[in-house]
Amino acid sequence: LISDKETLLNDILLNKGFPVQEIRSQFHVFNPYMLFNPVDVNGSSAFMWPRGFPLDFISEPSTYRASFSGTVDSHEVAIFQSLADNDPDVDAIYRLTRKLPIHFASPKMAVTLPPRTFSPFNA
């Protein structure tokens with residue numbers, strides 16, 4: 001998952017390598033949106049999840065809290081998904097219960113999930 005589309009996408013297209021943070025998580029599903037500090041139009045922290053995320057796990061802290069275990073080179077990553085400010089890819093329940101736009105306030109970074117960890121994406 002990439003938080004700086006322009007810079008990192010150019011690096012991908014130009015086949016430049018860059019470090020990708022490895023997430024350490026003990027759970028089998030992971031909500032990466034919270035790593036990128038989503039904030040609403042008032043600058044308040046916004047709790048959100050990607051479209052396709054299992055609803056049974058939305059409020060489970062271990063599905064959105066993680067530490068980093070190291071880095072890998074971007075050449076080792078098979079799929080890249082980027083975030084969209086203002087109108088991110090969220091499900092209908094989110095859209096019915098919360099307001100957009102949303103801005104991701106985190107530092108620019110790329111992350112990768114541990115093996116056998118599910119996270120929905122829309123590439």
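**Exercise 1. Salt bridges**

In this predicted model, arginine 95 forms a salt bridge with aspartate 87, and the closest N and O atoms of the pair are 2.9 Å apart. Decide whether arginine 95 is buried, partly exposed or exposed, decide the matter likewise for aspartate 87, and then find which residue forms a salt bridge with arginine 51.

*Solution.* Begin with the cut-offs that the reasoning needs: a residue is buried under 20% relative accessible area, exposed over 50%, and partly exposed in between. Arginine 95 has a relative accessibility of 40%, so this residue counts as partly exposed. The value for aspartate 87 is 46%, and therefore aspartate 87 counts as partly exposed.

Turn next to arginine 51, whose partner is aspartate 89, with the closest N and O atoms lying 2.7 Å apart. The structure holds 2 salt bridges.

**Exercise 2. Asparagine 31**

Work out where asparagine 31 is placed in the chain, whether the residue is buried or exposed, and which backbone atom of methionine 48 its side chain reaches.

*Solution.* First locate the residue: asparagine 31 belongs to the loop between strand S1 (19-24) and strand S2 (38-39). Then compare its relative accessible area, which is 1%, with the cut-off of under 20%, and it follows that asparagine 31 is buried.

Now follow the side chain of asparagine 31, which reaches the backbone oxygen of methionine 48 at 2.8 Å. A polar atom of this side chain also lies 3.0 Å from the backbone nitrogen of tyrosine 33. Finally, when residues up to four places away in sequence are not counted, asparagine 31 touches Met48, Trp49, Pro50, Phe53, Thr63 and Tyr64.

**Exercise 3. The protein as a whole**

State how many helices and strands the protein has, in what order the elements run, and what percentage of the residues count as buried.

*Solution.* The secondary structure comprises 2 helices and 5 strands, and, read from the N terminus, the elements follow the order α-β-β-β-α-β-β. Of the 123 residues, 38% count as buried. The accessible surface comes to about 7300 Å², and 52% of that area belongs to carbon and sulfur atoms.

Definitions and conventions: Residues are numbered from 1 along each chain as its sequence is written. This is a predicted model: local features need pLDDT of at least 70, side-chain atom pairs count only at pLDDT 80 or more; totals for chains, interfaces and linings use all residues. Side-chain values use heavy atoms; hydrogens and water are left out. Helices (H or I, at least four residues) and strands (E, at least two) are DSSP runs, numbered from the N terminus. Buried means under 20% relative accessible area, exposed over 50%, partly exposed in between (1.4 Å probe, protein chains only). A polar contact is a pair of N or O atoms within 3.5 Å; within protein, one must be able to donate a hydrogen and the other to accept it, and residues adjacent in sequence count only if both atoms are side-chain atoms. Contact means heavy atoms within 4.5 Å. Accessible areas come from the Shrake-Rupley method with a 1.4 Å probe; for residues, only the protein chains shown count as cover. A salt bridge is a side-chain nitrogen of Lys or Arg within 4 Å of a carboxyl oxygen of Asp or Glu.
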